[in-house]
Every structure is written in structure tokens, then in C-alpha cells.
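Thanks for asking me to look this one over.

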Amino acid sequence: MQKIKEYLTSQNLEYVEYANKEYTATDSYSVFAKQANKHILSDPQNCVGIYSCRTGIGISMTANRSKGIRAGLCSDVETTFLARNDDDINVLVMPVHLDME
């Protein structure tokens, strides 16, 4: 997620991070997803999210449990574009290994 944060900063886009600064074995993506969902739902017209976990599947399932959250697991630009424009996702979910580019 570091490259994503760098990109958002370079574009002067504000973001709030819901995660530990360093990985620990007790990290729970479900806790982070619930916190981020609450933030997005507090201002759904202006807030979107980018979530990540090892495969992206678990955090997608957790995110989509909240009414008003439409999380889509995407692994390429075309799928992301279609998910945002056709399915109106408000949370982009990516597997961890995609943060390399």
C-alpha cells in the first residue's frame, strides 16, 4: 500500500489509513475494514476506499457485509474501470502482491 499512499499524496488527495503501521500476527483485516466502512458511510458522496489483504477475498467479504458498501476485488486496470463505472463500487479491493506497480 506504500506506493498507493505515495501516489495519493503526489496528487494532493487526502486519505485516512486504518491499519497498523507494521504487520503483526494479531492484525485483523475485519477490524480495519469495519473502521474504514464506517468512515466511508459517514460521507458516501465524497468517500471511497482502497482495501487490501493477502488474496483480497476475505476483506472483500467483510467489507460487503455493511449496507451501502460495494467492494470489488480487482486485479487489473480494465476490471477496475468496469467495476467502478458499471457496478459503482465504492471500495476497490486488491491482493497485496498488486501493490508492486
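1. A word on burial to begin with: a residue is called buried when its relative accessible area is under 20%, exposed when it is over 50%, and partly exposed in between, using a 1.4 Å probe and protein chains only. By that cut-off, buried residues make up 31% of the 101 residues in the chain. Keep in mind that this is a predicted model, where local features need pLDDT of at least 70 and side-chain atom pairs count only at pLDDT 80 or more, while totals for chains, interfaces and linings use all residues. Numbering runs from 1 along each chain as its sequence is written, and side-chain values use heavy atoms, with hydrogens and water left out.

2. What does the chain contain in the way of secondary structure? There are 4 helices and 3 strands, arranged along the sequence as α-α-β-α-β-α-β. Helices (H or I, at least four residues) and strands (E, at least two) are DSSP runs, numbered from the N terminus.

3. On overall size, the radius of gyration is 13 Å, close to the 13 Å that the globule rule gives for 101 residues, so the chain is as compact as a globular protein of that length. That radius is taken over C-alpha atoms, and the rule is 2.2 Å times the number of residues to the power 0.38. Along its principal axes, the C-alpha trace spans about 35 × 30 × 25 Å.

4. Now the sheet. It is open, has 3 strands in the order β1-β3-β2, and its pairing is parallel. Strands β1 and β2 (71-73) stand at the edges with a single partner strand each, so one side of each has no neighbour in the sheet. On average, neighbouring strands are turned by 25 degrees against each other, direction ignored. Two strands count as paired if DSSP finds at least two bridges between them; β1 and β3 are joined by 5 bridges, and β2 and β3 by 3. Among the partners, S52 bridges to M94 of β3, I50 bridges to L92, and L73 stands opposite V93.

5. As for β1, G49, Y51 and C53 form a covered face, whereas I50 and S52 form an uncovered one.

6. Helix α2 comes next. Which residues of α2 are buried? They are F32, A33, A36, N37 and I40. These cover an arc of only 135 degrees around the axis, which puts them on the same side of α2. The arc is that of the directions from the helix axis to the C-beta atoms. Exposed residues K34, K38 and S42 sit on the face turned away from the buried side.

7. What covers that buried side of α2? The cover includes β1 (49-53), α3 (57-63) and β3 (91-95). The helix packs on the sheet, touching β1 and β3, and its direction makes about 175 degrees with that of β1. Contact here means heavy atoms within 4.5 Å; axes are lines fitted to C-alpha atoms, for helices over the stretch in contact, and angles run from 0 to 180 degrees between N-to-C directions.

8. At 1% relative accessibility, N37 counts as buried. Leaving aside neighbours within four places in sequence, N37 is in contact with Y51, T62, A63, S66 and I69. From N37 to R65 is 28 residues in sequence and 9.7 Å in space, C-alpha to C-alpha.

9. Finally, helix α1 (residues 2-10) has I4, K5 and L8 buried. Seen down the axis of α1, these fall within an arc of 100 degrees, so they line one face of the helix. They pack against β1 and β3. After α1 comes N12, whose phi is positive, near 55 degrees.
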